[in-house]
Amino acid sequence: MASAVGADVNHALSADELAAFQRDGFIGPFDVYDAEDMERELRAMRPKLIDSRQGVYHQGDALSGTTNLASYDRHLDVGFLARHVTRPEIVDRVTSVIGADALCWRTEFFPKYPGDEGTDWHQADNFANVGKHPQIVWPEDAGFGGALTVWTAFTDATIENGCLQFIPGSHRTMNYDENKVIEYDADRINQSVKNGVRRGFYGYDYRQLQKDPDWHPDESQARSMVMRQGQAIMFWSTLMHASHPHSGLTDQMRLGFTARYVPTAVQVYPAQDTLAEYGVEVSLDQWGCVLVSGEDAYHHNRLVDRTVGGEPFEKRSA
């Protein structure tokens, strides 16, 4: 059973896998759970997901709307998700790339319901894209940015129900300026067609951030990331990525869950006490990074060592 992995099992990337990751900007899919285990965990978790009052962003307007900030960072209150972000199958691969001292700074659910549009092609470097401020800041001498994203298929992800798309190798060049102004308009949702495909960005038009307004992604290079339930894929947030629309050929939703990781040297939400996205602003009072491996010698960020319900996070030994 995949949910009982021993601490002596190491899932670090091999030299060949690391070289492929550096070339392409992603690795996977790889197995995290058996499909049966994932389905059982999802069924048990659904009541907690529906009732978001225990979430750290449960305030006011965050509980309503098409995009729900209350679904962010549910690893801080849901036990299964707290264990998920620290699983060796994930953390060992993450630390192969960013080093032994690693933080999980955010998680998000990405549901796609029958008839939903696909997600725009986009990249994220400092994650200021739809917020007010840079959300992560690497050291000045790093010469790098972005976060490692691990996207886990909580349900099957197919072309028909909206699986991810990647453009391999595109993580080396940022085509967007996240500091430009991007306007939120809920009326845009499910209303846009781009290059013949229904695509949007949760009420934003990501094209507003393009450095060159006349540039278009080379979709001929795109690869569709079909995944079975319980598999995951790891990629740089700077990789050009999108998703197919949900065709509506099935009445089943597609559900993905992302966990985002950075080295402890990175500052998260610097000088911010609120998170503002999708027309909503919430307090960060209950938020904190989770140290999933190694040590934090920098002390840049607020850390939490247990969920709001008191369940400790398991740290992977360096």
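Biologist: Which are the buried residues of α2?

Modeller: They are Asp37, Met38, Leu42 and Met45. Buried means under 20% relative accessible area, exposed means over 50%, and partly exposed lies in between, with a 1.4 Å probe and protein chains only. Keep in mind that this is a predicted model, where local features need pLDDT of at least 70, side-chain atom pairs count only at pLDDT 80 or more, and totals for chains, interfaces and linings use all residues. Residues are numbered from 1 along each chain as its sequence is written, and side-chain values use heavy atoms, with hydrogens and water left out.

Biologist: What do the buried residues of α2 pack against?

Modeller: They pack against α3 (79–84), β5 (148–153) and β12 (254–263), where contact means heavy atoms within 4.5 Å. Helices (H or I, at least four residues) and strands (E, at least two) are DSSP runs, numbered from the N terminus.

Biologist: How do you know what span is expected of α2?

Modeller: The expected span is 1.5 Å times one less than the number of residues. Helix α2 (residues 35–50) has 16 residues and reaches 22 Å from its first C-alpha to its last, close to the expected 22 Å.

Biologist: Where in α2 does a kink lie?

Modeller: At alanine 44, shortly before proline 47, with a value of about 40°. The bend at a residue is the angle between axes fitted to the seven residues ending there and the seven starting there.

Biologist: What makes tyrosine 269 count as buried?

Modeller: Its relative accessibility is 3%, so tyrosine 269 falls under the cut-off and counts as buried. Tyrosine 269 lies in the loop between β13 (267–268) and β14 (274–277), and its phi is near 50°, a positive value in a residue other than glycine.

Biologist: And alanine 271, is that residue buried or exposed?

Modeller: Alanine 271 has a relative accessible area of 90%, so it is exposed. Alanine 271 is also found in the loop between β13 and β14, with phi near 55°, again positive in a residue other than glycine.

Biologist: How many residues of β10 are buried?

Modeller: Six of six, in strand β10 (residues 231–236). Gln231, Ile233 and Phe235 point one way and Ala232, Met234 and Trp236 the other way.

Biologist: Which strand pairs with β10 over four bridges?

Modeller: Strand β1 (residues 26–31) does, in the antiparallel sense; two strands pair if DSSP finds at least two bridges between them. Phenylalanine 30 has alanine 232 as its bridge partner in β10. Five bridges join β5 to β10, also antiparallel, and valine 150 stands opposite methionine 234.

Biologist: What kind of peptide bond joins glycine 28 and proline 29?

Modeller: A cis bond, with omega about 5°; proline 29 lies in strand β1.

Biologist: How many cavities of 30 Å³ or more does the structure hold?

Modeller: Two. On a 1 Å grid over the protein atoms alone, a cavity is a set of points where a 1.4 Å probe fits but cannot get out, and lining residues have an atom within 4 Å of a point. Grid points are joined across faces, edges and corners, and a volume is the space filled by probe spheres set on the points. The largest cavity has a volume of about 330 Å³. Of the 27 residues lining the largest cavity, the closest to its centre are Phe110, His122, Phe201, His241 and Arg260.

Technical notes:
1 Å grid on protein atoms, 1.4 Å probe; cavity = no way out; pocket = protein on both sides within 12 Å on 5 of 7 lines; lining within 4 Å.
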